[in-house]
Amino acid sequence: MTASSELLSKYQQLMEKFKNIVIFQSAVSVLHWDMETKMPPKGIVLRSQQMALLSQIGHKMMTDPEIGKLIDEIMKHPEYESLNQIQKRNVYLIKKEYDEQTALPEKLVVETARQRTITTDVWKKAKAAKNFSMFKPELEKLFELRKEAAEILMDVKKTPTPYDALIDIFEPKMTSEMITRIFNKLRDGLTSLIEKCLSSPIKPDTSFLKRRIPIDTQRKIAVELARFIGYDVESKEAGGRIDETEHPFTTGYYHDVRITTHYYEDNWSSAVFSVLHEGGHALYEQNLPAEWIYQPVGTACSSGFHESQSRFVENVVGRSREFWTYFLPKLNALTGNAFADIDLDTFVRGVNEVKPSKIRVEADEVTYCLHIIIRFEIERDLFAGKIAVEELPQVWNEKYEKYLGVKIENDSEGVMQDTHWASGLFGYFPSYALGNIYSGQLLAKMQKDIPDWKTQLAEGNFKQIKQWLIKNVHSYGNLYDPADLIRIITGEEIDVEHYFRYLNEKYARLYGF
Ligand code: ZN
């Protein structure tokens, strides 16, 4: 049975409306990209007005009563069941967004956008001044606004707590209770793995990571890495580009997906791994099914799945012995033999050194998730009213000492290190660790499908691995919620075991235990 032309016509009208929203949002993304990469400092005042106005218009577009009417007519149509799976998913995703957005008062949306710009601006200054008390009042205002939104969304999304409603934005249907269970297991496993690495007599030599590599040379390395993963930033057909920002990020959609990185003369590997990381995000966006562009299904599954792709390319591929078997000679060729005296084993150990540290973005693979677990526990307790904003530095520092054994000297290297809370992104952090867990499960499946993937990688061939990621992850777009997608791809529920096995095997070899 095919859907009647009346039903299909309503469906098409709904999709047309959504297409305009997508195009509108992509324009907002370009303005945001410009703000981070090219805008002169004085532009911030006008830009924050532009962003607030655009968020108001965006909210109006998404809450257009015509959308609600069309959804209603489609879902109550006697032939609704004749729509195919993709069409139904599109309607479901638009309805979800519509219900949530209409529940949020316009005043709250605009006020949040305005406060977000202010808090981010103050955060930058407070971080430079190592002064949390400067940041505190603006963070408190933003936190109250997000809490108000979370309480409203909790009713719409039917989640157990306000914090769960925020998690659901980034990882649909995931709850803080499930995350607590997964993270407790993760924390115990990682803690014992860290102990094994730290007590090993093998101490990686990392001095070569500090060798000065000119920024111009690093830019060439970045392009070479993009070429390797098939992220085109060079040709006349290019759909990508690499720019520079303090904090690397990826933005864009299908044919225009941009990444940023940061070049430090005395820390060249920072750009190498951030380009691979953001490149992994970019491949996901560029390889969503072409026929789904402008549709809700033509987006990534979740933030956690996005992170699984970036961490896969950065770590599983980019920090592997096989990748450096191929790329170290290339790196030497590009840097005038800057690393000719470093053998492959020393090199691979150096880029995989396990060392508890204070800064998340500099953390190695083994300690990384502990940084995330700390942030998750704090957010959960903050939204449950167990801790207050003013207590954040103290709670933060205690947890860093307890979980990572490091002593935080000031709040710039502590609670103010990340931009997320300053931009109101509460509920986002768990996706980083979930991404790592998914990446472990994906790896286990890929190993079965491509038994010689490591040989291919050592020969400088990333093509089949990339095709595997496209077929098994990217091609599903947003057809399923993350818990369903991981089951469909791997046949298993979300589980930390594969990620542990990957880490244990890799680090047992590196540290000789
Ligand atoms: Zn990422």
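**Reading the model step by step**

Modeller: E2 and E3 form a hairpin with two residues between the strands, and within this hairpin Tyr 254 takes a positive phi near 50°. Helices (H or I, at least four residues) and strands (E, at least two) are DSSP runs, numbered from the N terminus. Two strands count as paired if DSSP finds at least two bridges between them. This is a predicted model, in which local features need pLDDT of at least 70 and side-chain atom pairs count only at pLDDT 80 or more, while totals for chains, interfaces and linings use all residues. Residues are numbered from 1 along each chain as its sequence is written, and side-chain values use heavy atoms, with hydrogens and water left out.

Colleague: Is Tyr 254 buried or exposed?

Modeller: Buried means under 20% relative accessible area, exposed means over 50%, and partly exposed lies in between (1.4 Å probe, protein chains only). Tyr 254 has a relative accessible area of 4%, and therefore counts as buried.

Colleague: How do E2 and E3 pair?

Modeller: Strand E2 (residues 250-253) runs antiparallel to E3, and four bridges join the two. Within this pairing, Gly 252 has Val 257 of E3 as its bridge partner.

Colleague: In which sense do E1 and E3 pair?

Modeller: Strand E1 (residues 240-244) pairs with E3 in the parallel sense, over five bridges. There, Ile 242 stands opposite Ile 259 in E3.

Colleague: How many residues of strand E3 are buried?

Modeller: Strand E3 covers residues 256-261, and five of its six residues are buried, so this strand is largely enclosed by the rest of the structure.

Colleague: What should I understand by a nonpolar core?

Modeller: In soluble globular proteins, nonpolar side chains tend to be buried together. A nonpolar core is a set of buried Ala, Val, Leu, Ile, Met, Phe, Trp, Tyr and Cys residues joined through side-chain atoms within 4.5 Å. Here the largest such core has 142 residues, and Phe 183, Leu 186, Trp 324, Phe 347 and Leu 392 have the most contacts inside it. Helix H14 (residues 365-383) makes the greatest contribution to this core, with eleven residues.

Colleague: Which residues is Leu 392 in contact with, leaving aside its neighbours within four places in sequence?

Modeller: Contact means heavy atoms within 4.5 Å. With those neighbours left aside, Leu 392 touches Phe 132, Leu 139, Ile 378, Leu 382, Ile 387, Val 415 and Trp 421 by this criterion.

Colleague: Tyr 254, in the loop between E2 and E3, has a positive phi and is buried. Strand E3 pairs with E1 in the parallel sense and with E2 in the antiparallel sense. Leu 392 is among the residues with the most contacts inside the largest nonpolar core, to which H14 gives the most residues.
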